[in-house]
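Please open the model in a viewer and keep the selection tool at hand.

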Amino acid sequence: ECMDALLDSCQEKLELRAFVGRLAAGLVDDYDIKMLCHLVLCKMAVRPGASAALLSMLDTLCEPLRKTIGATLKENAVNQEVERHDELVRSGLRVSYLLAKISGAESCLKFDEYVRTTLKQGRLAQRYEAIIAEVDGADDMSDPMVM
């Protein structure tokens with residue numbers, strides 16, 4: 001939450017590459033931390049001035065995102081676990097799409113491979129397409145998590 005507040009109040013004073021590095025570390029933490037990191041990354045992806053830092057760190061972001069969206073639940077998971085898992089996967093797909101939309105993202109080979117093989121093919125392809133339609137159809141791009 002502090003990182004979100006910092007981004008909102010003083011983005012121009014932040015060392016954004018190091019900031020994104022801390023977000024990448026949070027992507028391997030527990031559910032709540034991952035969700036907050038997704039929120040901040042989504043905000044950064046649609047803000048002018050943050051794209052260079054994000055592009056320079058795409059290699060670092062793609063593996064934790066791949067693990068998050070590719071995680072599977074145990075067969076005996078309760079409804080609350082299923083819902084939280086689904087939220088986390090949707091959030092990971094959303095941030096992945098917003099990062100992929102940044103001009104120049106396709107030039108990052110590792111991230112491009114992640115988009116092609118993990119998001120556009122396989123078991124997540126339909127969910128990813130649904131997120132694309134949802135994000136692209138949203139009226140309010142100022143809050144990317146509302147989409």
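The model is predicted, so local features require pLDDT of at least 70 and side-chain atom pairs count only at pLDDT 80 or more, while totals for chains, interfaces and linings use all residues. Residues are numbered from 1 along each chain as its sequence is written, and side-chain values use heavy atoms, with hydrogens and water left out.

**Stop 1**

Select Cys-62 and Cys-108 and display the two sulfur atoms. A disulfide is a covalent bond between the sulfur atoms of two cysteines; here the criterion is a pair of cysteine sulfur atoms within 2.5 Å. How many disulfides does this rule give? The count is zero. For Cys-62, the nearest cysteine sulfur is that of Cys-108, 6.3 Å away, which is too far for a bond. Cys-62 is buried at a relative accessible area of 0%, and Cys-108 is buried as well, at 13%. Buried denotes under 20% relative accessible area, exposed over 50%, and partly exposed the range in between, with a 1.4 Å probe and protein chains only.

**Stop 2: the aromatic pairs**

Next, show the aromatic side chains; two aromatic pairs are present. Rings of Phe, Tyr and Trp (its six-membered ring) pair if their centres lie within 6.5 Å; planes under 30 degrees apart count as stacked, over 60 as edge-to-face and the rest as tilted.

Select Tyr-97 and Tyr-128, an edge-to-face pair with 6.0 Å from centre to centre and 80 degrees between the planes. This pair links distant parts of the chain, since Tyr-97 belongs to helix H5 (residues 79-100) and Tyr-128 to helix H7 (residues 125-137), 31 residues apart. Helices (H or I, at least four residues) and strands (E, at least two) are DSSP runs numbered from the N terminus. Tyr-97 is buried, with a relative accessible area of 10%, and Tyr-128 is buried at 1%.

Then select Phe-111 and Tyr-114, whose rings form a tilted pair: 5.6 Å centre to centre, with 50 degrees between the planes. Because Phe-111 and Tyr-114 are three residues apart in helix H6 (residues 109-119), about one helical turn separates them. Both are buried, Phe-111 at 1% relative accessible area and Tyr-114 at 0%.

**Stop 3: a charge over a ring**

Select Arg-84 together with Tyr-31. Arg-84 lies over the face of Tyr-31, 3.8 Å from the ring centre. The criterion is that NZ of Lys or CZ of Arg is within 6 Å of the ring centre and within 35 degrees of the ring normal.

**Stop 4: helix packing**

Switch to a cartoon view. Axes are lines fitted to C-alpha atoms, for helices over the stretch in contact, and angles run from 0 to 180 degrees between N-to-C directions.

Colour helix H4 (residues 51-70) and H6: they pack at an angle of about 20 degrees, with their axes 8 Å apart. H4 and H6 are therefore roughly parallel to each other. Now colour H5 and H6, which pack at about 135 degrees with axes 11 Å apart. That makes H5 oblique to H6. Angles under 35 degrees count as roughly parallel, over 145 as roughly antiparallel, 65 to 115 as roughly perpendicular and the rest as oblique.

**Stop 5: a leucine in H2**

Finally, select Leu-23 in helix H2 (residues 16-26). Leu-23 counts as buried at 1% relative accessibility.
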